[in-house]
Amino acid sequence: MSTLTQTQEGLPAGTWSGDPVHSHVGFEIGYATGTFRGSFSPFEARLDVDANGAATLAGEARADSVHVLDENLTAHLLAPDFFDAERTPLLRFGDDLAISGVLTLKGVSVPVEIQGTIGDSFPHPSGTERLPLKIETTVDRRAFGIDWNMELPNGEPALANDVKLTADLFLVKG
């Protein structure tokens, strides 16, 4: 595996789309004394690699595709305190695969740095070629106007400000 860069030597040229069955897009945030996790499904991901190895990665998920294990919490995440799904239904990432990109949540676009690994392409039993890609970044949720919190009995905030975003993708050449 190699580290993501703007021009990836040996990266197979072509258009690659996310395989929704074998891929995962999620988030983690400190909550009280633990970590709260959620995911988005379905989502779209696309990697375009030109003949010189220059790559562009873009992805999109609907805010209302958020998955958590508490129905009441799902409703709160879709409310204006968090994703504001009614007014801003799409979450987007896009730009060069080069560690730099723009994340858009609640209509606010913020430059982010992504890090990750890209594996070697391999043939799948279905006859398609696959490419594994793992990326992550950490963002301050307040930059997107997501500032809801509550105080714990000890006076500490219940919710951390930093949110780790992860994508474990299997891309299909098409």
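**Ground rules.** This is a predicted model: local features need pLDDT of at least 70, side-chain atom pairs count only at pLDDT 80 or more, and totals for chains, interfaces and linings use all residues. Numbering starts from 1 along each chain as its sequence is written, and side-chain values use heavy atoms, with hydrogens and water left out.

**Stop 1: the whole chain.** Show the cartoon. The protein has one helix and 14 strands; these are DSSP runs numbered from the N terminus, with helices being H or I of at least four residues and strands E of at least two. The radius of gyration is 17 Å, close to the 16 Å from the globule rule for 174 residues, so the protein is as compact as a globular protein of that length. That radius is taken over C-alpha atoms, and the rule is 2.2 Å times the number of residues to the power 0.38. Along the principal axes, the C-alpha trace spans about 55 × 30 × 30 Å. Of the 174 residues, 38% are buried (under 20% relative accessible area; exposed is over 50%, partly exposed in between; 1.4 Å probe, protein chains only).

**Stop 2: the core.** Select Phe40, Leu47, Leu169 and Leu171. They have the most contacts inside the largest nonpolar core, which has 39 residues. Such a core is a set of buried Ala, Val, Leu, Ile, Met, Phe, Trp, Tyr and Cys residues joined through side-chain atoms within 4.5 Å. Strands supplying at least two residues each include strand 3 (24–31), strand 5 (43–49) and strand 14 (159–173). Strand 14 gives the most, with five residues.

Now centre on Leu169. Leaving out residues up to four places away in sequence, Leu169 touches Ser23, Val25, Phe43, Ala45, Leu131, Pro132 and Leu133. Contact means heavy atoms within 4.5 Å.

**Stop 3: the rings.** The structure holds five aromatic pairs. Rings of Phe, Tyr and Trp (its six-membered ring) pair if their centres lie within 6.5 Å; planes under 30 degrees apart are stacked, over 60 edge-to-face, the rest tilted. Select Phe40 and Phe83. Their ring centres are 5.6 Å apart and their planes at 70°, so the pair is edge-to-face. Phe40 sits in strand 4 (residues 34–40) and Phe83 in the loop between helix 1 (71–78) and strand 8, 43 residues apart. Both are buried.

Move to Phe82 and Trp148. This pair is tilted, at 5.6 Å centre to centre and 50° between the planes. Phe82 is buried, with a relative accessible area of 9%. Trp148 is partly exposed, at 24%.

**Stop 4: the hairpin.** Select strand 5 and strand 6. They pair in the antiparallel sense over seven bridges; pairing requires at least two DSSP bridges. Five residues lie between the two strands of this hairpin, and Gly53 in the turn has a positive phi of about 90°. Phe43 stands opposite Ala61 in strand 6.

**Stop 5: Lys173.** Which strand holds Lys173? Lys173 lies in strand 14. Lys173 is partly exposed, with a relative accessible area of 34%. Beyond four places in sequence, Lys173 touches Ala13, Gly14, Thr15, Trp16 and Glu129. Its side chain reaches the backbone oxygen of Ala13 at 3.0 Å. Finish with Asp19: Lys173 and Asp19 are 154 residues apart in sequence and 9.9 Å apart in space, C-alpha to C-alpha.

Key
Polar contact = N/O pair within 3.5 Å; in protein donor to acceptor, adjacent residues only side chain to side chain.
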